[in-house]
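This briefing is meant for a reader who is meeting the structure for the first time. It begins with a single residue and then moves on to other parts of the chain.

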Amino acid sequence: MERVKIFKGFERFWHWTQAALVIVMLITGFNIHGSYHLFTFEQAVDLHIALAWTLIGLWAFAIFWHFTTGEWRQYLPTQDKLFAVAKFYAVGIFRGEVHPYRKTQWAKHNPLQRLAYLFFKVIISPVIWVSGLLYLYYKFWPEWGLADVPLGVVALTHTAAAFAMLFFFIVHVYLALLGKKTVFTLSHVKSMITGYDEVYEEGE
Ligand code: HEM
């Protein structure tokens, strides 16, 4: 194994900025929803919309980065070892078994991670983004020929995507803090801060 830089500067910036923004979007979003009253409704809406634009801007840069660096290939789904990895997290890890996946620089995500991140990028984020923008520009719907669409459908879609994002976030943090034999570890968090991680050499 060798210690190499697997998370580039922009990737780490994008990851942590997105994490912070998503947390505040969840807090303000569920405040708007009426789940609690940390902020007034108006404050929550103002913050939610200001940060939504920041998030959309960040996503635009991230999409550009993924395509110009070729890093998008890291998210191509594969069935190879998919079930072995799922079985490992469901059972094997509690029995002290060894992780079946061998991380390399050009395949840094295990097959389950690839699927989860692809789902996040291709389904959850675009749904929340499009439904949020539709929600925001509700008054233009008649001009756009959307007068017959009930607002409730868009609101429900946006809230459902927010629940999906919350679920992703909880599972992501659980797995990120999981070390060998279910022992808590900060090593994965550290590698997303420093960029360095231990990986197998290609073909090893
Ligand atoms: C991580 C991303 C996001 C999360 C978790 C999130 C979550 C939420 C939730 C839970 C609500 C309350 C929905 C309801 O009860 O009807 C909401 C409302 C709203 N969201 Fe988002 N949202 C996100 C991103 C966005 C984006 C990108 C936009 C685009 C501009 C947006 C615009 C809005 C608008 C306009 C409302 C309604 C505010 C009002 O009632 O005046 N959101 N959001």
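Phe184 counts as exposed, because its relative accessibility is 56% and the cut-off for that class is over 50%. The model in view is a predicted one, and Phe184 is placed by it in the loop between helix 5 and helix 6.

**The loop between helix 5 and helix 6**

- Between the C-alpha atoms of Phe184 and Tyr174 the separation is 9.3 Å, and these two residues are 10 apart along the chain.
- Val183 is also found in the loop between helix 5 and helix 6, the latter covering residues 187–194.
- When residues up to four places away in sequence are not counted, Val183 touches Leu177 and Leu178.
- From Val183 to Glu11 the distance is 27 Å, C-alpha to C-alpha, while in sequence the two residues are 172 apart.

**The chain as a whole**

- The chain holds six helices and two strands, and when it is read along the sequence these elements follow the pattern β-α-α-α-α-α-α-β.
- Along its principal axes, the C-alpha trace spans about 60 × 35 × 30 Å.
- The chain has 204 residues, of which 32% count as buried.

**Two residues in other loops**

- Lys81 lies in the loop between helix 2 and helix 3, and its phi is near 65 degrees, a positive value in a residue other than glycine.
- Lys81 counts as partly exposed, because its relative accessibility is 38%, and that class lies between the cut-offs of 20% and 50%.
- His109 has its place in the loop between helix 3, which covers 82–90, and helix 4.
- His109 counts as buried, because its relative accessibility is 5%, and the cut-off for buried is under 20%.
- With neighbours within four places in sequence left aside, His109 is in contact with Gln74, Tyr75, Tyr101, Arg114 and Tyr117.

**The iron site**

- Which residues coordinate the iron atom of the ligand? They are His48 and His158, each through its NE2 atom, at 2.0 Å.
- His48 belongs to helix 2 and His158 to helix 5, so the pair ties together parts that are 110 residues apart in sequence.
- The site of the iron atom is octahedral, with six donor atoms and angles of 87 to 180 degrees among them.
- His48 and His158 are both buried.

**The second largest pocket**

- The second largest pocket holds about 680 Å³ of space.
- It is lined by 27 residues, and the closest of them to its centre are Ile32, His48, Gly132, Tyr135 and His158.
- At least two residues of this lining come from each of helix 1 (9–33), helix 2 (41–69), helix 4 (111–136) and helix 5 (151–176).
- Helix 2 gives the most to the lining of the second largest pocket, namely nine residues.
- By type, the lining of the second largest pocket divides into 21 nonpolar residues, six polar residues and no charged ones.

How values were computed
Residues numbered from 1 in each chain as written. Predicted model: local features only at pLDDT ≥ 70, side-chain atom pairs only at ≥ 80, totals over all residues. Heavy atoms only, no water. 1 Å grid on protein atoms, 1.4 Å probe; cavity = no way out; pocket = protein on both sides within 12 Å on 5 of 7 lines; lining within 4 Å. Points joined across faces, edges and corners; volume = space filled by probe spheres on them. Helix = DSSP H or I, 4+ residues; strand = E, 2+ residues; numbered from the N terminus. Nonpolar A, V, L, I, M, F, W, Y, C, P; charged D, E, K, R; others polar. Donors = N, O, S within 2.8 Å, 3.2 Å for Na, K, Ca; no water. Tetrahedral: all angles 85-135°; square planar, octahedral: opposite > 155°, others 65-115°. Buried < 20%, exposed > 50% of the residue type's maximum accessible area, 1.4 Å probe, protein only. Contact = heavy atoms within 4.5 Å.
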